[in-house]
Amino acid sequence: MTNDDGSPLTDLAGYYIYTGNSPDTLVAHYFSPPGQLGMILYYPLGGGVHYFGVTAVNVDGIESAMTPVVGK
């Protein structure tokens, strides 16, 4: 993994997983430490479309840009 500038990523703290009922109003509901992002998250979503996005965060609390938002 690398930083946006291409330098090696050595200070990854984890990932924020954002969810919401609209792609414009996502809220960070989960924090996942490195190496655990692949675990399955489940909670009752209710009806309708729900949107998700992920950011990486370093040990200084600096977040990356969000992944493309997806709806399910």
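The model is predicted. The protein chain has 72 residues, and 18% of them count as buried. It holds 4 strands and 0 helices. The strands form an open sheet with antiparallel pairing.

**Overall layout**

- From the N terminus on, the elements run β-β-β-β.
- In the sheet, the strand order is S2-S1-S3-S4.
- S2 and S4 are the edge strands, each pairing on one side only.
- S4 spans residues 70–71.
- Among contacts in the protein chain with a separation of 6 or more, 42% are between residues 24 or more positions apart.

**S1 and S2**

- S1 covers residues 12–20, and S3 covers residues 51–58.
- S2 covers residues 27–32.
- S1 and S2 run antiparallel and are joined by 5 bridges.
- The two strands form a hairpin, with 6 residues between them.
- Isoleucine 17 has tyrosine 30 in S2 as its bridge partner.
- Threonine 19 stands opposite valine 27, also a residue of S2.

**S1 and S3**

- S1 and S3 run antiparallel, with 8 bridges joining them.
- Glycine 14 has valine 57 in S3 as its bridge partner.
- Tyrosine 16 has threonine 55 in S3 as its bridge partner.
- Tyrosine 18 is bridged to glycine 53 in S3.
- As a general point, side chains in a regular strand alternate between the two faces of the sheet.

**S3 and S4**

- S3 and S4 pair in the antiparallel sense, over 2 bridges.
- Tyrosine 51 has glycine 71 in S4 as its bridge partner.

**The aromatic pair**

- How many aromatic pairs does a search of the whole structure find? The search finds 1.
- The rings belong to tyrosine 16 and phenylalanine 31, and their centres are 5.2 Å apart.
- Their planes stand at 65 degrees, so the pair is edge-to-face. The cut-off for that class is over 60 degrees.
- The pair links distant parts of the chain. Tyrosine 16 sits in S1 and phenylalanine 31 in S2, 15 residues apart.
- Tyrosine 16 has 27% relative accessibility, so it counts as partly exposed.
- Phenylalanine 31 has 42% relative accessibility, so it too counts as partly exposed.

**Leucine 45**

- Where does leucine 45 lie? This residue is in the loop between S2 and S3.
- At 34% relative accessibility, leucine 45 counts as partly exposed.
- Leucine 45 touches His50 and Phe52, leaving aside residues up to four places away in sequence.
- Leucine 45 and glycine 20 are 25 residues apart in sequence. In space, their C-alpha atoms are 9.7 Å apart.

**The largest pocket**

- The largest pocket has a volume of about 250 Å³.
- S1 and S3 are the elements that give two or more residues to its lining.
- S3 supplies the largest share of the lining, 3 residues.
- The lining holds 14 residues. Asn3, Asp4, Leu9, Ala56 and Ser64 lie nearest the centre of the pocket.
- By class, the lining has 7 nonpolar, 4 polar and 3 charged residues.
- In general, rolling a probe the size of a water molecule over the atoms shows where empty space is left.

Technical notes. Residues are numbered from 1 along each chain as its sequence is written. This is a predicted model: local features need pLDDT of at least 70, side-chain atom pairs count only at pLDDT 80 or more; totals for chains, interfaces and linings use all residues. Side-chain values use heavy atoms; hydrogens and water are left out. Two strands pair if DSSP finds at least two bridges between them. On a 1 Å grid over the protein atoms alone, a cavity is a set of points where a 1.4 Å probe fits but cannot get out, and a pocket is an open set with protein on both sides within 12 Å along at least five of seven lines; lining residues have an atom within 4 Å of a point. Grid points are joined across faces, edges and corners, and a volume is the space filled by probe spheres set on the points. Ala, Val, Leu, Ile, Met, Phe, Trp, Tyr, Cys and Pro count as nonpolar, Asp, Glu, Lys and Arg as charged, and the others, Gly among them, as polar. Rings of Phe, Tyr and Trp (its six-membered ring) pair if their centres lie within 6.5 Å; planes under 30 degrees apart count as stacked, over 60 as edge-to-face and the rest as tilted. Buried means under 20% relative accessible area, exposed over 50%, partly exposed in between (1.4 Å probe, protein chains only). Contact means heavy atoms within 4.5 Å.
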